[in-house]
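Subject: Structure handover

Hello,

Here is the structure I promised to pass on to you. My notes on what turned up in it follow below.

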Amino acid sequence: MIIVDRPETLVVGYAVRTTDAAEADPARAQLPGLWARAGAPGAFAHVPGRIDESLYAVLTDYESDHNGAYTQIVGVAVRTAARLPEGMVAVRVPGVPALLFEARGPMPGALGEAWQQVWKHTESGGLPARAFTTDLEIHHPGGVDVYVATLPSFGDSYAEPAAAS
């Protein structure tokens, strides 16, 4: 895990609203269907202005933290979203400081391990803290890069007021 400045990205794709609890129940899970739709041959062939061949997963609109509802959009990065294909949405992923977790190796296991690292960091109170605003996965031939947005850090210049004696 390293801290990077994630660049702004515009993603066009398919969206679902879900929770991790729902995804743990095969009868309620929506993400497998979302990924099957996005992974179908030619799923994004009609999207104009693609910038690369990677698949992008945006996790946004967090209800609270990793226990609440969120929206996941799976799609492609584009230069502009002037004409949205039917059934697709556009989301602007803001450029922010982010924790970068690299998933390498057999998928989806390596990606699951990367998210386990994210959850461990979150639950242990690791710094910088997660912002729960907009997170991004970039799926490319070498693996998956997971960018987790962080809260602003004020560095070491902040000090607690001295106790009165």
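Let me start with a question: with which residue does Glu 102 form a salt bridge? The partner is Arg 104, and the closest N and O atoms of the two are 3.9 Å apart. A salt bridge here is a side-chain nitrogen of Lys or Arg within 4 Å of a carboxyl oxygen of Asp or Glu.

Before the rest, a word on the ground rules. This is a predicted model, in which local features need pLDDT of at least 70 and side-chain atom pairs count only at pLDDT 80 or more, while totals for chains, interfaces and linings use all residues. Residues are numbered from 1 along each chain as its sequence is written, and side-chain values use heavy atoms, with hydrogens and water left out.

**Salt bridges**

Searching the whole structure gives 6 salt bridges. Glu 8 and Arg 92 form one of them through their side chains, at 3.0 Å from N to O. Glu 8 sits in the loop between β1 (2–6) and β2, and Arg 92 in strand β5 (residues 89–93), so this pair ties together parts that are 84 residues apart in sequence. Helices (H or I, at least four residues) and strands (E, at least two) are DSSP runs, numbered from the N terminus. Glu 8 is partly exposed, at a relative accessible area of 49%, and Arg 92 is partly exposed at 49% as well. For these labels, buried means under 20% relative accessible area, exposed over 50%, and partly exposed in between (1.4 Å probe, protein chains only).

Another salt bridge joins Arg 130 to Asp 135, with the closest N and O atoms 2.7 Å apart. Arg 130 is buried, with a relative accessible area of 7%, and Asp 135 is buried too, at 0%.

**Cores**

The largest nonpolar core has 30 residues, and those with the most contacts inside it are Phe 44, Val 47, Phe 101, Trp 115, Val 146 and Val 148. By nonpolar core I mean a set of buried Ala, Val, Leu, Ile, Met, Phe, Trp, Tyr and Cys residues joined through side-chain atoms within 4.5 Å. Two or more residues each come from β2 (9–18), α2 (31–39), β3 (55–60), β4 (70–78), β6 (96–103), α3 (109–123) and β8 (143–149). Of these, α3 gives the most, with 5 residues. There is also a second, separate core of 13 residues, which includes Ile 73, Val 93, Ala 98 and Tyr 147.

What does Val 146 touch, leaving aside its neighbours within four places in sequence? Its contacts (heavy atoms within 4.5 Å) are Leu 99, Leu 100, Phe 101, Leu 111, Ala 114, Trp 115, Leu 136 and Glu 137.

Ser 54, in the loop between α2 and β3, is buried at a relative accessible area of 10%. Not counting residues up to four places away in sequence, Ser 54 touches Gly 75, Val 76, Ile 138, His 139 and His 140.

**Backbone points to check by eye**

Most residues other than glycine have a negative phi, and most peptide bonds are trans. The bond from Met 107 to Pro 108 is cis, with omega near 10°, and Pro 108 lies in the loop between β6 and α3. The bond from Leu 127 to Pro 128 is also cis, with omega near -5°; Pro 128 lies in the loop between α3 and β7 (134–140).

Phe 132 is in the loop between α3 and β7, has a positive phi of about 55° although it is not a glycine, and counts as buried at 16% relative accessibility. Asp 61, in the loop between β3 and β4, has a positive phi of about 55° too, but is partly exposed at 49%.

Do tell me what you make of it.

Best wishes
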